[in-house]
Amino acid sequence: MTENLAKTETETVTVDNYIGGSWRAPASGRRIPSLNPARKGEVVGWVPDSEPADLNEAVAAADAARHAWRKLSGAGRGALLYKAADLLENRAEEIGRAMTREMGKTLGEAKGETIRGAAILRYYAGEGMRPVGDVIPSTDADALMFTTRTPLGVVGVISPWNFPVAIPIWKMAPALIYGNAVVWKPAAETAVTAGLIMACFHEAGFPAGVVNMVIGDGAVIGQGIAEHPGIHAVTFTGSNAVGKRVGQIALARGAKYQLEMGGKNPVIVAEDADLDLAVEATVSGGLRSTGQKCTATSRVIVVQGVYETFKEKLVAKVKELRVGDGLDGETWLGPCASEKQYETVTRYIRKGVEEGAELLIGGGRPDDPALADGFFVTPAVFDRVTPEMTIAKEEIFGPVLALIRARDLEEAIALANDTEYGLSASLYTRDIGNALTFIRETDAGLVRVNAETAGVELQAPFGGMKGSSSHSREQGRAAIEFYTAVKTAFVKP
Ligand code: NAD
């Protein structure tokens with residue numbers, strides 16, 4: 001399996017589950033294709049269509065491994081994370097190519113994400129040596145009272161296709177360093193990439209059963225993880241519809257859970273903004289990765305004094321963007337990740353037009369006949385969007401920007417908050433007072449001034465407010481809150 005995956009340039013590979021330290025074909029023998037969205041019909045890999053029996057085996061392997069794993073020192077666990085980081089980094093080109101072929105983002109972004117995955121592993125490897133508790137003065141002068149952290153047991157990880165390396169790693173790395181065993185269900189759309197990540201963990205020498213991967217349908221394996229009594233905690237990133245369900249199932253059986261879900265992220269352009277910078281950030285934040293980032297800019301709220309000038313500059317910039325196969329070095333914007341995603345995006349574009357927004361540019365198929373075969377959409381900018389329109393309310397997850405006019409900054413912030421989501425928001429301004437008002441008043445977990453909405457640093461807490469999250473945070477030191485339980489210890493000599 002590992003050798004087979006080493007040559008993922010153009011051929012079709014077969015991916016197995018990874019259970020108890022070895023590669024296993026699914027019990028059913030059935031496989032599903034992982035397809036290249038840039039070239040219809042090209043199968044990147046045949047991946048397991050697993051059944052509950054496969055999941056049960058993985059949970060049993062994790063359960064058997066977790067006791068010895070938690071007894072290792074943090075430094076001992078960290079040493080394996082460092083090894084996995086080096087292996088991942090060394091294979092960044094290969095993993096990046098597999099990712100581009102499976103979900104379409106440009107090779108530069110895909111390699112960059114893989115290298116970021118290595119950095120996340122190193123950050124959490126170091127976490128094995130950092131403090132975990134406090135000494136708290138007891139009212140009993142003879143006693144020692146302190147807090148310590150204990151692992152949860154087996155953690156179930158459910159991840160989406162849009163960041164197929166970074167997201168599972170920012171979940172698995174903290175789960176592992178704090179002493180948990182892992183059962184991971186990647187998105188089937190990017191399961192070849194997932195197989196390559198697992199190969200790095202395998203080569204790094206993690207003890208059998210500490211990390212397991214089961215690939216399959218979300219409704220079977222994903223839901224199976226949420227329901228499984230042998231899984232003590234579930235961490236999920238994906239859509240709101242699925243996330244809420246996962247959370248309800250976990251809650252009902254008393255398992256700890258964490259949900260990171262969608263966004264409808266605004267950029268606000270104030271009257272005193274540097275418009276060229278704001279345009280750059282809107283294009284980059286909204287359209288890179290074909291708009292398929294949870295933090296992608298979707299609503300562009302512009303204060304009226306600069307609205308027309310900003311609009312002209314934005315359209316001119318969008319016109320320059322080159323749509324193409326992500327493997328082509330000239331491409332700025334790849335295809336939608338799948339046929340399903342393409343259908344969703346084009347349905348929203350039609351809806352925008354039907355509801356009276358004005359499509360200024362894009363929203364169709366590229367002219368290049370070489371792209372006729374893929375799920376490409378030219379980046380779209382809508383004008384005259386009002387807050388009650390569907391494209392101003394619902395997450396599109398595609399290359400679509402909606403321009404909304406505001407009277408002043410106060411109204412712009414009210415419009416920014418007029419959504420069920422609260423993941424990320426940004427403001428362009430030269431005024432420190434505006435910046436502080438925006439930071440104070442905006443309901444989002446990530447608020448950025450003079451920087452695009454899509455910017456997440458691995459050492460800082462990340463997560464949403466309102467409907468975007470279960471109100472926990474991932475990444476940085478914040479991860480310790482989910483992946484461990486606090487124990488308060490009291491010792492009387
Ligand atoms: P999705 O909800 O369809 O799938 C996410 C994962 O859940 C996949 O592994 C899928 O197989 C699994 N799944 C599907 N049905 C399931 C079920 N019934 N029970 C359990 N698991 C199930 O989402 P997607 O289309 O893969 O990803 C896009 C979404 O993810 C967008 O809404 C995006 O905003 C969100 N996202 C959020 C963040 C964040 O950190 N907040 C980051 C990236 C993506």
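Trainee: Which elements each supply at least two residues of the shell around the ligand?
Mentor: Good place to start! This is a predicted model, in which local features need pLDDT of at least 70 and side-chain atom pairs count only at pLDDT 80 or more, while totals for chains, interfaces and linings use all residues. Residues are numbered from 1 along each chain as its sequence is written, and side-chain values use heavy atoms, with hydrogens and water left out. Taking helices (H or I, at least four residues) and strands (E, at least two) as DSSP runs numbered from the N terminus, the elements that each give at least two shell residues are α8 (218–227), β10 (233–237) and α9 (240–252).

Trainee: Which element gives the largest share of the shell around the ligand?
Mentor: A residue is near a molecule if one of its heavy atoms lies within 4 Å of it. By that rule 26 residues surround the ligand, and the closest are S159, S239, M261, C294 and E395. The largest share of the shell is 4 residues, and it comes from α8.

Trainee: How many residues of the shell around the ligand are charged?
Mentor: Let's sort by class: Ala, Val, Leu, Ile, Met, Phe, Trp, Tyr, Cys and Pro count as nonpolar, Asp, Glu, Lys and Arg as charged, and the others, Gly among them, as polar. The shell has 14 nonpolar and 9 polar residues, and the number of charged residues is 3.

Trainee: Which domains each give at least three residues to the shell around the ligand?
Mentor: Domain bounds here come from an automatic or database domain assignment. Two domains each give at least three residues to the shell: domain 1 (2–261 + 469–491) and domain 2 (265–457).

Trainee: How far is an oxygen atom of the ligand from an N or O atom in the side chain of E395?
Mentor: Look for polar contacts, which are pairs of N or O atoms within 3.5 Å; within protein, one must be able to donate a hydrogen and the other to accept it, and residues adjacent in sequence count only if both atoms are side-chain atoms. A nitrogen atom of the ligand lies 3.3 Å from a backbone N or O atom of Q223, and a ligand nitrogen is 2.8 Å from a polar backbone atom of M261. For the side chain of E395 and a ligand oxygen, the distance is 2.6 Å.

Trainee: What share of the ligand's exposed area does the protein bury?
Mentor: Accessible areas come from the Shrake-Rupley method with a 1.4 Å probe; for residues, only the protein chains shown count as cover. Taken alone, the ligand exposes 850 Å², and the share of this buried by the protein is 89%.

Trainee: How many disulfides are there?
Mentor: A disulfide is a covalent bond between the sulfur atoms of two cysteines. The rule used here asks for a pair of cysteine sulfur atoms within 2.5 Å. The count by this rule is 0.

Trainee: Is C294 buried or exposed?
Mentor: Relative accessible area decides: under 20% is buried, over 50% is exposed, and in between is partly exposed (1.4 Å probe, protein chains only). C200, at 1%, counts as buried. Because its relative accessible area is 13%, C294 is buried.

Trainee: What is the phi of R384, about?
Mentor: Most residues other than glycine have a negative phi, and most peptide bonds are trans. R384 sits in the loop between β15 (380–383) and α13 (390–393), and it counts as exposed because its relative accessibility is 54%. R384 is not a glycine, yet its phi is positive, at about 55°.

Trainee: What value is the phi of Q475 near?
Mentor: Q475 is found in the loop between β18 (446–449) and α16 (479–483). Q475 has 1% relative accessibility, so it counts as buried. Its phi is positive although it is a residue other than glycine, with a value near 70°.

Trainee: How far apart in space are N36 and E189, C-alpha to C-alpha?
Mentor: N36 has its place in the loop between β4 (31–35) and β5 (43–48), and it counts as buried because its relative accessibility is 2%. N36 and E189 are 153 residues apart in sequence, while their C-alpha distance in space is 9.2 Å.
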